[in-house]
Each structure stands twice: as C-alpha cells, then as structure tokens.
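Here is my note for a colleague new to this structure.

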Amino acid sequence: MRMPREGRLLLAMCLCSLFVLVLYFQSITKPEPGVKTGSSPRKSRRSPLQTLYNGDQQELVEAQRSLQGRREVLEEACLSHMRKRQVLSPEDLKHLIVDDKHSLIYCYVPKVACTNWKRVLMVLTSDGRYTNPLAIPANEAHVAGNLRTLSEFSVPEINKRLRSYLKFIFVREPFERLVSAYRNKFTRSYNTAFHKRYGTKIIRRHRPHAEPEALEKGNDVSFNEFVQYLVDPRTQREEPFNEHWERVHSLCHPCLIHYDVVGKYETLEPDAQAVLKLAGVEGTLQFPTSGKSTRTDGNMAARFFKHISPFYQKKLFNLYRMDFMLFNYSTPEYLRTR
C-alpha cells in the first residue's frame, strides 16, 4: 500500500530533524576519559583526548589547570547567554581542520596565529613531505585542499571525530583582533583584492563626496569608516562577515562544539606547547614564534579607538559582546560607551 504524499513528507521531516539532533547532541557531549578513537585501527598509543582527560602526566598538570578553567568559564557563559538551541550542519564546520593521524580537530580563527597553526598541521598530516613549519610559505598554508576540514566528511564520520578527537581553538581579545585585521587588510598596499572587494564598498557607502580614485581603488579606508561598515545593519543583510572580522562564536560555534582546549593568543607559546604535548609531538615539532615587532596589542587598539565616537564604540562592543563574554575578556578600559 503506497503511503500518501502528506505521510511521506512528514516522515522525511522527522528523519531530517533526527539527523540534526544527533549531530547537535554528539557535538556538545563531553567525551568519556577512556574513550577509544576508532579512527585508525593501527594506533595503540593514547589519543590526545585520553591524555588530557586522564590527566596522568605530571608535566601537563599546570597547563591542564589553566585549560580546564577556560573550558569551565566557556561552558558557564554558554549556559547563561545562549538564548535558543541551535543545531550544526556540515556547512558550519568549514573552519574545523582535521588531523586523522593525531586525532586532532582545530578551529582556525584568522588573526589568531592561524597561519602558523595551519603550517604545523601541514607538517603533522604530510607523512614527511613537510618537516619545518616555517619553511612553508604563508600563502601555501591557506590554499584550499592542503588540509581537510570536518565539513568534507559524511555525517557519521563527522560525529565519530567530534566524539573522539581532541578539539582545540585559539582566541584573542576581540578588539585587538579586529584592529589587527584592519591593519593587515586595509593599510597594506599589497592587499589589493581586499581593497577592491571591501574597500570600494566601504568608501562608497560611508564617505560622502569621495574622490573618484578612492571609489575605484578602495585603498585608503579609515578605521572609522571600517567601524561604520561593521555596525551598519545592511552589511550582514547583504552577506556574511569576512572571516577576518567575523566573530569567533560564529566561526567555531563554541556553545555547540565542546572544545577540549581553549588557547589564547596572549599566552600563545605555552598553550601551543600544551597542545603539541597532548598530541605527542612536542619532541619533534616546535610551534613557530612570531617575529613581528609591531604586533597589535591593547595600547595600539586604544590608539585606533581614540577617534571612534562613544556611539559607534557602543554599537561595535554590542556586536562583539558574545566573544568578550564567552572567552572571559574584560571590557577595554579605553572604551567610552556611556
């Protein structure tokens, strides 16, 4: 007997709902301390996840205490501020890079040492093709296809990895990251693609009586114009934010995915070392140190915000408020939002 069309539609909707709920619950569930990865039958060593949650390595104790505190703060903030339950689809997982060999998942956040983390993961996943992260050109680290993302796997494979791999993320003070993105994309002469793609639009919309050359090249966007573009409701209605200034919670979904390690840019070296220890490669691989002499810090961010009106400062803070709360960053002292 053939099922009526309405019945078939209802069954399909129920199956779809079941899929997203399975993905949701499996992505946020904390793994059991003794969970087996099941990702590679030839492995007999502990997975990074087992090493972290069993906590039986003395040299990791101090790092674990700090990492555990960050996880707890994140979980509490998610419980307090998540207004509605959401579900993940594979499309939401494009920023999560997978290392099957070492059972790692890394959510990359632009302007938070993600180039060096991608270089490290290229070494870890290359089977000997790469041995030195710094020998990998920065542009090569960002080539699509050099690293696999979680979105490329089937739903059962996604769930298996979310349950059993060590998931880590590195974050940064939101406004320092934002100023760093502005400096890199709008004040460097070589970033002509960003000037054309975003600069011309920003100038056209937020600079009255702009010169024809500025409208054509888009290479002299001011920070004030950039802020106006970000808080303009039309911006996100037209298209999602570029990943360089998108909020971390929108890129990595930390209230839906249980990150085992929350590293911070402010403590990058010890946090990166802790991850490499958990992966069992600390003796063979060193995280690259930054050689930048003009790294964007709080003092530099304060100088950029000095000329932003309190009205726009408040609107911008509200835009990035969730990142401040989830990752336990204080409201900057230089803000004049009252």
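1. Asp232 is buried, at 10% relative accessibility. Here buried means under 20% relative accessible area, exposed means over 50%, and partly exposed lies in between (1.4 Å probe, protein chains only). Asp232 pairs with Arg234 in a salt bridge, with 2.7 Å between the closest N and O atoms. A salt bridge is a side-chain nitrogen of Lys or Arg within 4 Å of a carboxyl oxygen of Asp or Glu. Arg234 is partly exposed, at 37% relative accessibility.

2. A word on the source. This is a predicted model, where local features need pLDDT of at least 70 and side-chain atom pairs count only at pLDDT 80 or more, while totals for chains, interfaces and linings use all residues. Residues are numbered from 1 along each chain as its sequence is written, and side-chain values use heavy atoms, with hydrogens and water left out.

3. How many salt bridges does a search of the whole structure find? It finds 16. One of them joins Glu152 to Arg148, with the closest N and O atoms 3.4 Å apart. Glu152 is partly exposed at 45% relative accessibility. Arg148 is partly exposed too, at 41%.

4. Lys201 and Glu239 also form a salt bridge, 3.0 Å from N to O. Lys201 sits in helix H8 (residues 192–206) and Glu239 in the loop between helix H11 (233–238) and H12, so this pair ties together parts 38 residues apart in sequence. Helices are DSSP runs (H or I, at least four residues), numbered from the N terminus. Lys201 is buried, with a relative accessible area of 15%. Glu239 is buried as well, at 17%.

5. Now the second largest pocket. It holds about 440 Å³ of space. A pocket is an open set of points on a 1 Å grid over the protein atoms alone, where a 1.4 Å probe fits, with protein on both sides within 12 Å along at least five of seven lines; lining residues have an atom within 4 Å of a point. The volume is the space filled by probe spheres set on the points, which are joined across faces, edges and corners.

6. Which residues lie nearest the centre of this pocket? They are His81, Met82, Gln86, His249 and Met322, out of 20 lining residues. Helices H12 (248–252) and H15 (310–326) each supply at least two residues of the lining. H15 gives the largest share, six residues.

7. By class, the lining of the second largest pocket has 10 nonpolar, six polar and four charged residues. Ala, Val, Leu, Ile, Met, Phe, Trp, Tyr, Cys and Pro count as nonpolar, Asp, Glu, Lys and Arg as charged, and the others, Gly among them, as polar.
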